[in-house]
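I opened my notebook to get to know a new structure. Here is what I looked up, step by step.

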Amino acid sequence: MQVSTARFGQILMLMLLISGHVAAQDRESLPASTTFSTGAKVCLECHDDEHAAAVMAGPHGMAGDARTPAANKGCESCHGPGGEHASKEKQFRVAQTFASDDPADAAVQAETCMGCHNKSDQQHFLASAHSRADVACGDCHNVHQRDDKSLARISQAEVCVDCHVEQKANMNKFSRHPMREGKVVCTDCHNPHGDKGPHMLVEATVNETCYTCHAEKRGPFLFEHEPVQDDCGECHNPHGSINEALLTARPPFLCQQCHNDTRHPGTVYANSGFAVSNRTVGKGCSNCHTNVHGSNHPAGLTFRR
Amino acid sequence: MNSKRTALCMAIAAAAMASSVAIAQDEFGFEDESAPVVKPVYDNHVEFGIGYTDDGNGKFGEYTSGLNSALQSDGPFAVGGLRLSGSDGDSASAWQVAAGMGNGRALEAFYEVQGNFQVGFYGDRLEKIEYHKARSPYQGGSDTLLLPAGFQPGTSVRDGSFFSEENIATTRQTFGFDASKHVSDKWSLSFNAERQDKDGDDTIGGNQGFSGTALLPEPIDYKTDQLTARIEYADKCLQNGLELYYSQFENGNDGLVFDNAQFAPINLEQLALEPDNEFMRVGIDGGYSFDMRTRLSWFADWSRGKQDQDFLPVVLDQAFAPTIDPVFVPSSLDGEVERSAFKLTLVGRPLARFDYRLEYDYRNRENQHDALPVQLVGGATASSGYSSHLYDKETQSFAAEGGYRFANRFRIRGGLELLSTDRDTTTVGESYTDTTDEDRYWLELRLPSVGSFSAKLRAEYNVTDADLSDETLEFISPGGVDRRATPFFLLERSQDVYEINLDYAFAGSVSLYSSFKVIRDNFDNENYGLHDRESDVLNFGLSWSPSNLVAMSAYASFEQYELRQIGRQMGGTAVPYSEWNLKTEDESDAFGLTLDWIVVEGRFDVKADLAYLESDSSYTSSVRESAGIALLTGAMPDSDDQLLRLNIVGNYHFNEQVDVSARYIYESRSANDWAWDSLLTPGVNTTASVVGFAYERPDYDSQALIMSVRYKF
């Protein structure tokens, strides 16, 4: 009985997979419309749902802006020729639906959007990691909605964590940036269209990105701490941590990854034991070595001043 | 002027539509092809209501914001907000004023004529509880912290009668102004000015001798001003922007003076707080598209950071070491750091199925000031002094990758990146360079889609070679004896990364995903410090939409991090103690459930969000090699944290104008942390005698109910 149930499940699964595969092939087999109709009204006669019409209330529907689809070929500005599609319904397909089953890959879809959105924050998209990973514009943006979730600070993270699932947990960790509250959002640090820095950061380096809010750490200081100048990410995980201050490990163990100097307990048991070590409780090493981000005090060689 | 421009735009649009209509009528015979009439859109509403929380301050997370801002106090509170927004397609204008009901900011206002100009303003306030109900003998809010009368150095740091309670909390306020103008169809200007104010109290360590310290309430009074101006050219092929950025940081407190709580007689100590600084940068970025599938992108910038704040008096407590002779110290650093960057990227798709990327990247950070000598009091010879260290860094990398798409979304991608980093260290009379070369290779496979099932596999291998200077090697192993740890970013290492992603859409309404990522770092470390690092992250997710009225999603995340390091305690006389191994294990599990349910279409909907997190950190220490003085052994305490958060919002749509919403928040948190708990309890953690600060990790159940009415007009 167990075997039969399993076999039944396998067959059912196979049928579903095959049917899904066939369904995916259907649209591709349709010929594309090759001639133009015009205007949104024809399209809206069939596509009369709220979603389709909503585009007219957003930036793309601003007929007063000569650059917009509304001021040009309407729906066909983005979706391509639709004349035969409109007259013969489902016998022909428009060039692009931007739906998840659109056979055009992300880069091809992006060509349409980047025909207009080719500057400022979007200009590096073709060179971005998202483009190379086949992320299409429509995967994040819904241009038919007046309030695009990915553009609103309060809801943007919901879009990003759809793929970056590990950040969903990080956002809820005990040490975190205020992302749930919409006060710090993904695009404060990253440009999803690609940008100057590593990891699609908006600034040229990790540190400069952090300094836009944490300018007090910028220095230069009389006494610098090398990893601090190297990369904030050496010690901090900006997406969230179970350790205080977004640290990648708990002090003193984090510090001991690089330091094993004399006269300091190297482990919580060492020397006279855990119970009387002022290097382990509270802020760990920085109970004394306070200015680990750099000291401007003449007696601050070891960051205690 | 605006009306003329609007009329002109409308005429162009009408002409374009009319010509297209004519074509369409010929071929397909549509009778009425004019654009649908779009009326101006208005979205105005005001919201007001009341709420109540049974346990406020410091609950509901360490941040408070938006409707939660009132949750800082127990008892009833008022909520409210206003949003006036709209757009007019004919004039391409849009506007918004939002207070408390914006998209995450407390105050937002903008007006734009799309394609012409935009002006806007925003303001925000964010409060963060650093330590809730902390207790300290020092009272915060000032740059001079004194102990209460009768305080006995050393012994009273554990006497709660000298402690008083206060919240260690900071508030960050941001105000900004945006403006942009399209000068022509190819040229545009944009400008942003922003001020951030951060005030309140944080905590900071105040060292009071080799074995003594106290955590102090640090007064925070930061102001950061930032200006960004950009001019941009863009046509179909060429885009280029020139950007200027300026930032100035000002700290209202130069230093912190505090009583030494550990050693009699009480003396004043002092530490420096972050100095004022300024930073400017000029850069260009742009690209040229040879065609829609081949593009060359570039970016280059140059920046300079400066800091010239006067040094503080060297030492107030002359009994405290190290004291240094101020005669040899300049009055300020006169510090200046320059950084430059350059990146050139070529991407192309020469074949429909093949694409590539080639990239060269250069980064340089260089101190322009000199290393300063510092002399010890009574020892004006070079051997008794020390020098500040300057760290410069130069990196160059070259990356190449390519991808080929087969049928049925089967795809293969691979690439390499060669990264070389020179780290220069400069002291007085000495300069040396440590070089690391990192080679990274990766391969990614997206397997052919089978129905709605897709899978992606990725493997990555990094290897780092280090060429360390004689000076660094001597520092790590003076006289050939391994005494110090090697900074882990200078270690040779190999890293393996494996990742698998699975997605399955089931019958159109259910989708499942899972991902598993493994990172293994093996450091070739002959000295103390970090040896191995492992990370395993497993994620599951489920989305289910049984109908257009109900959407549900759930996720589970399991993370595990392991660090292994080796150390050795050294005595003051260089007699070795035993060597030790330490394994740190951090585990974090998270579960979440969301529901979006339209109970009665057009009338009543409910949104619910449930999150549960649990983390645990454990530490295993063992003797690696007995020598000299033996290690003490004992049970090492774990630390753990649990959080349960429920957020339910119900909206009842009375009519076109009126919505009523109710929101219920429940949060339960229980945390144990040996580093913080029972710091004042003798016998439990006698280390408190040198910390002088009391803070118990959170342990609470708290709830809030908020009801409000939203009126649309």
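**Entry 1: the model.** I noted before anything else that this is a predicted model.

Entry 2: I wanted to know where empty space is left, and rolling a probe the size of a water molecule over the atoms shows that. My count came to seven cavities of 30 Å³ or more. I then looked at the largest cavity, which holds about 170 Å³ of space. I found 17 residues lining it, and those closest to its centre are Ala107(A), Leu126(A), Ser131(A), Arg349(B) and Asp355(B). Sorting the lining residues by type, I got nine charged, five nonpolar and three polar.

**Entry 3: cysteines.** How many disulfides are there over all chains? My search of the whole structure found zero. I looked at Cys43(A), which is in no disulfide, and saw that the nearest cysteine sulfur belongs to Cys75(A), 3.7 Å away. The cut-off I used for a disulfide is 2.5 Å.

Entry 4: In chain B I came across an open sheet of three strands, in the order β7-β12-β13, with mixed pairing. Its edge strands are β7 (144–145) and β13 (268–272), each pairing on one side only. I followed β7(B) to β12 (residues 255–259) of chain B and found that the two run parallel, joined by two bridges. Across this pair, Leu145(B) stands opposite Phe258(B).

**Entry 5: Asp88(B).** Is Asp88(B) buried or exposed? I put it down as buried, because its relative accessible area is 18%, under the 20% cut-off. Asp88(B) sits in strand β3 (residues 75–88) of chain B. Leaving out residues up to four places away in sequence, I listed its contacts as Met62(A), Pro40(B), Ser93(B) and Trp95(B).

**Entry 6: Phe654(B).** I found Phe654(B) in the loop between β30 (639–653) and β31 (658–672) of chain B. With a relative accessible area of 48%, Phe654(B) is partly exposed. Phe654(B) touches Arg603(B), Asp659(B) and Val660(B), again not counting residues up to four places away in sequence. I also looked up Phe604(B), which is 50 residues apart from Phe654(B) along the chain, and their C-alpha atoms are separated by 8.7 Å.

Terms used:
Residues are numbered from 1 along each chain as its sequence is written. Chains are lettered from A and ligands numbered from 1 in the order in which they are written. This is a predicted model: local features need pLDDT of at least 70, side-chain atom pairs count only at pLDDT 80 or more; totals for chains, interfaces and linings use all residues. Side-chain values use heavy atoms; hydrogens and water are left out. Helices (H or I, at least four residues) and strands (E, at least two) are DSSP runs, numbered from the N terminus. Buried means under 20% relative accessible area, exposed over 50%, partly exposed in between (1.4 Å probe, protein chains only). Contact means heavy atoms within 4.5 Å. On a 1 Å grid over the protein atoms alone, a cavity is a set of points where a 1.4 Å probe fits but cannot get out, and a pocket is an open set with protein on both sides within 12 Å along at least five of seven lines; lining residues have an atom within 4 Å of a point. Grid points are joined across faces, edges and corners, and a volume is the space filled by probe spheres set on the points. Ala, Val, Leu, Ile, Met, Phe, Trp, Tyr, Cys and Pro count as nonpolar, Asp, Glu, Lys and Arg as charged, and the others, Gly among them, as polar. Two strands pair if DSSP finds at least two bridges between them.
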